[in-house]
Amino acid sequence: MDVMTAIKGRRSVRSFTDQPVDQDMLLKLLEAAVWAPSAGNGQTWRFVIVTEETMMKKLKMVSPGLLGDPPAVFVIAQDMALSKQKGGQMGPETLTKMDSAMAAQNIMLAAHAMGLGTCVIASFHPGAAAKLLDMPEQIVPTLMVTVGHPAVKPPPPKRLFEEVYWFEAYNG
Amino acid sequence: MDDKGFEDKIFGLVSYVVVSARNLLEEPARYGPFRLVDTASRLINILDEAGMSSDRLKAVRDKIEAGKYSAMGTEEEFEQFLETTVFFVVDAIDNTGD
Ligand SMILES: Cc1cc2nc3c(=O)[nH]c(=O)nc-3n(C[C@H](O)[C@H](O)[C@H](O)COP(=O)(O)O)c2cc1C
């Protein structure tokens, strides 16, 4: 699949079949994640992949944005202490969020190319998720990505195009 | 569903509502109405699985499920969905649910 097709074809999927996602597919997605750019090549991201039913149930309880019953969830966390060390104040405040988003998009595009559906999730309680996942204090969940075999093919929400760009200088 | 299974499902719903309450302090305003109708739908599902639902409750749930993701669409679409859902419920008020 060429990149533009993957970019335009990826949708946020919130309904999955019961079929689990093979571990080698999950590892492939992890590989896609770590090939994302990161500020100063800091790579302060840390990933926990949840596939087991009990933990999934608990995670859903603290993640109102996690919709449907995905067989796998990537919890993209950041080592905030390491990020401060590498990126100064800007690290934990800003760069970690950007780095996580880059990794999330790589996961989603690679998954789409593999026929899988995904949805990126920001609506969860980071402290509660960290506690359930046994994360030490400096590891903070920043985003989640659900992964599974799509049960539906959602229609593409409208995109603005002509009204969102200018060449050379802003002219709104 | 046994009592423990029922309590478990209700606990999951309670947790969804409580965490939503906290997160909604900082989330986009329209996530509030979304979580409310989604909670209604989840509650009906739990009742249904426990054999305690009714035709009208199931109809309300199906109506919500068919339109709730308009929350990610335009404001008009979401408002329209909520408005029609209100009248869907109103029309069912006088039905016994049997
Ligand atoms: C930063 C971010 C956070 C998001 N959080 C959630 C979420 O918590 N739950 C959810 O269902 N979708 C979430 N989404 C998905 C958006 O709703 C979705 O991308 C948008 O409606 C456009 O649809 P599309 O992804 O199918 O193109 C999030 C997207 C982004 C970029």
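A salt bridge here is a side-chain nitrogen of Lys or Arg within 4 Å of a carboxyl oxygen of Asp or Glu. Keep that one in mind, since we'll come back to it a lot. Quick housekeeping: this is a predicted model, so local features need pLDDT of at least 70, side-chain atom pairs count only at pLDDT 80 or more, and totals for chains, interfaces and linings use all residues. Residues are numbered from 1 along each chain as its sequence is written, chains are lettered from A and ligands numbered from 1 in the order in which they are written, and side-chain values use heavy atoms, with hydrogens and water left out.

Okay, salt bridges. Let me start inside chain B, with B:Arg61 and B:Asp48, whose side chains meet at 3.1 Å, N to O. This pair links distant parts of the chain: B:Arg61 sits in helix α3 (residues 55–67) and B:Asp48 in helix α2, 13 residues apart. Helices, by the way, are DSSP runs of H or I with at least four residues, strands are runs of E with at least two, and both are numbered from the N terminus.

So is B:Arg61 buried or exposed? At 12% relative accessibility, B:Arg61 counts as buried, while B:Asp48 is partly exposed at 26%. The cut-offs are under 20% relative accessible area for buried, over 50% for exposed, and partly exposed in between, with a 1.4 Å probe and protein chains only.

Next one: B:Lys9 with B:Glu49, where the closest N and O atoms are 2.8 Å apart. Again the pair links distant parts of the chain, with B:Lys9 in helix α1 and B:Glu49 in helix α2 (residues 31–49), 40 residues apart. Both ends are partly exposed, B:Lys9 at 37% and B:Glu49 at 45%.

Then there's a local one. B:Lys4 and B:Asp8 form a salt bridge at 3.2 Å, N to O, and both lie in helix α1 of chain B, four residues apart, about one turn of the helix. B:Lys4 is exposed at 53%, and B:Asp8 is partly exposed at 27%.

Now over to the interface. Which residue of chain A does B:Asp8 pair with? That's A:Lys57, with the side chains meeting in a salt bridge at 2.8 Å, N to O. The count between chain A and chain B is one salt bridge, plus five residue pairs in polar contact, both at pLDDT 80 or more. A polar contact is a pair of N or O atoms within 3.5 Å; within protein, one must be able to donate a hydrogen and the other to accept it, and residues adjacent in sequence count only if both atoms are side-chain atoms.

How much area do the two chains bury between them? About 1,100 Å², 57% of it on carbon and sulfur atoms; that's the accessible area (1.4 Å probe) lost on putting the two together, summed over both. Eleven residues of chain A are in contact, meaning heavy atoms within 4.5 Å, with 17 residues of chain B.

Last stop, the segment after β4 (139–148) of chain A. A:Phe167 is found there, and A:Phe167 is exposed at 69%.
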